[in-house]
Amino acid sequence: MHVAGRFVAEVLSEVGLLAEVGVNLLDLEHHVRGMIKRCGAESCYWDYAPSFGRGPFRNVICLSVNDAVLHGLPHDYTLRDGDVLSADLAVRVNGWVADSARTIVVGTAVEEDLRIIRATEEALEAAIEVARPGNRLGDISAAIWAVANDYGYPVNTEFGGHGIGRTMHEDPHVSNKGRAGRGLTLRPGLTLALEPWFARTTDRIVYDADGWTIRSADGSRTAHSEHTIAITEDAPLVLTRREQEDPVTRGDSASRLSTKDA
Ligand code: MG
Ligand code: MG
């Protein structure tokens with residue numbers, strides 16, 4: 001899972017570098033397809049067909065813009081200045097899966113967008129911090145919920161984190177809202193995808209006509225942060241940690257790209 005995790009981290013770093021004003025979501029999708037193919041990995045989204053959704057998902061990455069937050073279907077859309085982009089990727093490498101998501105602002109950021117992104121990132125770190133043997137699943141949910149409360153964001157309980165391993169979605173469900181001291185006792189070897197996501201002013205969601213893309217019901221902007229972790233005897237291992245957990249805003253893209261090329 002560490003191998004899969006490192007690859008997912010690398011792809012999400014790359015998406016962060018490429019997602020600039022004027023770039024089409026389909027360009028990002030195709031770029032990621034190429035990376036997956038070259039690595040010999042397999043996207044868990046390709047042909048994904050859960051009870052919701054309209055037919056199998058025929059893309060390799062979820063790209064959700066602004067009020068879209070989960071399962072964003074890559075489509076013909078050109079990124080604009082100030083867009084909030086969430087990218088969510090799960091792949092299988094050698095039979096093991098890792099799943100991670102990040103949210104960035106394309107171009108010029110406004111403070112309220114940075115704030116909600118920061119909230120999901122802090123909630124994720126708080127959740128990881130309590131993912132230790134002897135603690136309970138409810139401690140993770142409570143940690144996420146507490147950060148959301150501090151920031152004043154409501155929390156939806158329909159979609160949250162999950163167990164992960166041979167497949168993308170395994171038991172247990174990890175709610176983003178819950179009570180400390182309740183639920184499954186955590187033990188070494190348990191691997192989880194933790195994924196706080198919030199919308200600014202609602203906990204309700206609506207689906208696009210594509211049957212996949214999930215948006216905030218009131219159109220308010222959203223953010224989503226996710227890592228795959230392994231619980232150990234000691235501190236939890238973050239299997240999808242990016243080498244540089246880059247800032248959420250894109251600076252001067254030209255200089256960034258030249259830095260990368262160097
Ligand atoms: Mg994910
Ligand atoms: Mg997930």
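A crossing of two helices is right-handed if the near helix is turned clockwise from the far one by less than a right angle. In this predicted model, the crossing of α1 and α2 is of that right-handed kind. Helix α1 spans residues 2-18 and helix α2 residues 25-39, and the two pack with their axes 11 Å apart at an angle of about 150°. Angles over 145 degrees count as roughly antiparallel, and α1 and α2 are therefore roughly antiparallel to each other. On the α1 side, the contact is made by F7, E10, V11, E14, V15 and L18, which meet L28, H31, V32, M35, I36 and C39 of α2. Sorted by class, this contact holds nine nonpolar residues, one polar residue and two charged residues.

Turning to charged pairs, 11 salt bridges are found across the whole structure. One of them joins D47 to R58, with 3.1 Å between the closest N and O atoms. Both residues lie in the loop between β1 (42-43) and β2 (62-65), so the pair ties together parts that are 11 residues apart in sequence. D47 is partly exposed at 38% relative accessible area, and R58 is likewise partly exposed at 44%.

A salt bridge also forms between D67 and R215, at 2.9 Å from N to O. This pair links distant parts of the chain, 148 residues apart: D67 sits in the loop between β2 and β3 (68-70), and R215 in strand β11 (residues 214-216). D67 counts as buried at 18% relative accessibility, whereas R215, at 22%, counts as partly exposed.

E129 and R132 meet in a further salt bridge of 3.3 Å. Finally, E112, D113, R200 and R221 are joined into one network by salt bridges that share partners.

Technical notes
Residues numbered from 1 in each chain as written. Chains lettered and ligands numbered in written order. Predicted model: local features only at pLDDT ≥ 70, side-chain atom pairs only at ≥ 80, totals over all residues. Heavy atoms only, no water. Axes fitted to C-alpha atoms, helices over the stretch in contact; angles between N-to-C directions. Helix = DSSP H or I, 4+ residues; strand = E, 2+ residues; numbered from the N terminus. Parallel < 35°, antiparallel > 145°, perpendicular 65-115°, else oblique. Contact = heavy atoms within 4.5 Å. Nonpolar A, V, L, I, M, F, W, Y, C, P; charged D, E, K, R; others polar. Salt bridge = Lys/Arg side-chain N within 4 Å of Asp/Glu carboxyl O. Buried < 20%, exposed > 50% of the residue type's maximum accessible area, 1.4 Å probe, protein only.
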